[in-house]
Amino acid sequence: MATTTSTFPPHGKIALLNCDATAPEFIASYGNITNLFTSLYTKFLIELTGGESSIGLKSVQDPLGLPEVMKSFRVDPFDAVNRHLPADVEVYDSVIVSGSGLNINGGDLWIEELGKFLHDTAVHHQKVKLIGVCFGHQLIARAVFGLEVKLNPHGYQIGPFDVALNETGRVLFPGRADLTIPMFHQKAVFTQERLAAFAKMCEEEPYQVPRGRHGQLGEYRIWGHTEKVENQGMVSVSGDIGGDDKLDVDDIHIFTCQGHPELTSGMMSLLLNLNEEHIDPEVVADARRRIAAFRGTLDWFVLSRLMWALSTRHSYVLSGASCEPSKVSRGLGERSGESVFVLVADTNSTHRVPV
């Protein structure tokens, strides 16, 4: 039998911490949380390497029909709500903390345990990258940096929003002044001061503010904002960033995003339909108008480019890849009702947890 040689880099190992159950109606159309992040990275790799369409790209020697790009990374899902977390985080290149509709301030034991796990990883396992999306962004902000998360007085952000980049954001995403990112959140991270309880915990070992690989205090930096939310994402970088600095993944320990790079317009519409009974009707109507009127391009490629580099520690994609997707794959899977990749990434995983 003929063999094929993959042109992709050695696969990265990613621990995906799922922080909510996925509605059956959503799974029927788009898959679960694991599928969404797998699809995001798969779609990115196909674009990056100039591959074919994500539909129908199969390996000639893989009886399951998994595309070649799937073999370049591995995602192990963990059911964080049921307190299932990696026993040895050091076997992973990165940890991704998903979004969630659950109350981050509800005092649930699983949230507190997950927060301690994230803080311990940030302090004692700094080779492992931390990536947080929406709820994950908020929990990392609270557990690692002691920032307050509460209801945004400006209300919900649902739909595609333009995030203005500051100096840090322009270094992370060269050539861009803003990014268009899907949003679905009511809470936000507030950065005025640290929580008193966190300050007390920081006085005791091993609970402390993490330090960078060169020994500097690993403080957070906000990389973008919208009119309603000051903190649309954070990054923890060793040393200075800005100007003509060249970015290397070894310099970045933590990256978070309040928005959802893994969502498409169709996914946002379905999530809105599934949750509208819990949201003010005027907010729902405004969100529907915003999603329906959107004619731009969601910046999934730009965000996944950085996330992939961190997830797998492959810096080359930061310097050698275009910041924009090709016209062919622009909008791929962004129309309402259109299916994206629905593949199980953990076929050979040692963790088989329903997500």
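Guide: Strands (E, at least two residues) and helices (H or I, at least four) are DSSP runs, numbered from the N terminus. Two strands pair if DSSP finds at least two bridges between them. This model is predicted, so local features need pLDDT of at least 70 and side-chain atom pairs count only at pLDDT 80 or more, while totals for chains, interfaces and linings use all residues. Residues are numbered from 1 along each chain as its sequence is written, and side-chain values use heavy atoms, with hydrogens and water left out.

Visitor: In β11, what is the bridge partner of isoleucine 222?

Guide: β9 and β11 (residues 234–237) pair in the antiparallel sense, over 3 bridges. Across that pairing, isoleucine 222 has as its partner in β11 methionine 234.

Visitor: Which are the edge strands of the sheet with 7 strands?

Guide: That open sheet has mixed pairing and the order β2-β1-β3-β4-β12-β11-β9. An edge strand pairs on one side only, and here those are β2 (73–79) and β9 (220–222).

Visitor: At what angle does helix α2 run to β2?

Guide: Axes are lines fitted to C-alpha atoms (for helices, over the stretch in contact), and angles go from 0 to 180 degrees between N-to-C directions. Helix α2 (residues 33–48) lies across β1, β2, β3 and β4. Its angle to β2 is about 160°.

Visitor: Why are α7 and α8 called roughly antiparallel?

Guide: Angles under 35 degrees count as roughly parallel, over 145 as roughly antiparallel, 65 to 115 as roughly perpendicular and the rest as oblique. The axes of α7 (residues 265–275) and α8 (residues 281–293) are 10 Å apart, and the helices pack at about 165°. So α7 and α8 count as roughly antiparallel.

Visitor: Which residues of α8 make the contact with α7?

Guide: Contact means heavy atoms within 4.5 Å. From α7 come Ser265, Met268, Ser269, Leu272 and Asn273. The α8 side brings Val284, Ala287, Arg288 and Ile291.

Visitor: Are the rings of phenylalanine 44 and phenylalanine 301 stacked, edge-to-face or tilted?

Guide: Rings of Phe, Tyr and Trp (its six-membered ring) pair if their centres lie within 6.5 Å; planes under 30 degrees apart count as stacked, over 60 as edge-to-face and the rest as tilted. These two have centres 5.2 Å apart and planes at 45°, so the pair is tilted.

Visitor: How many bridges join β6 to β7?

Guide: Both belong to an open antiparallel sheet ordered β7-β6-β10. Strand β6 (residues 157–165) and β7 run antiparallel, and the bridges joining them number 8.
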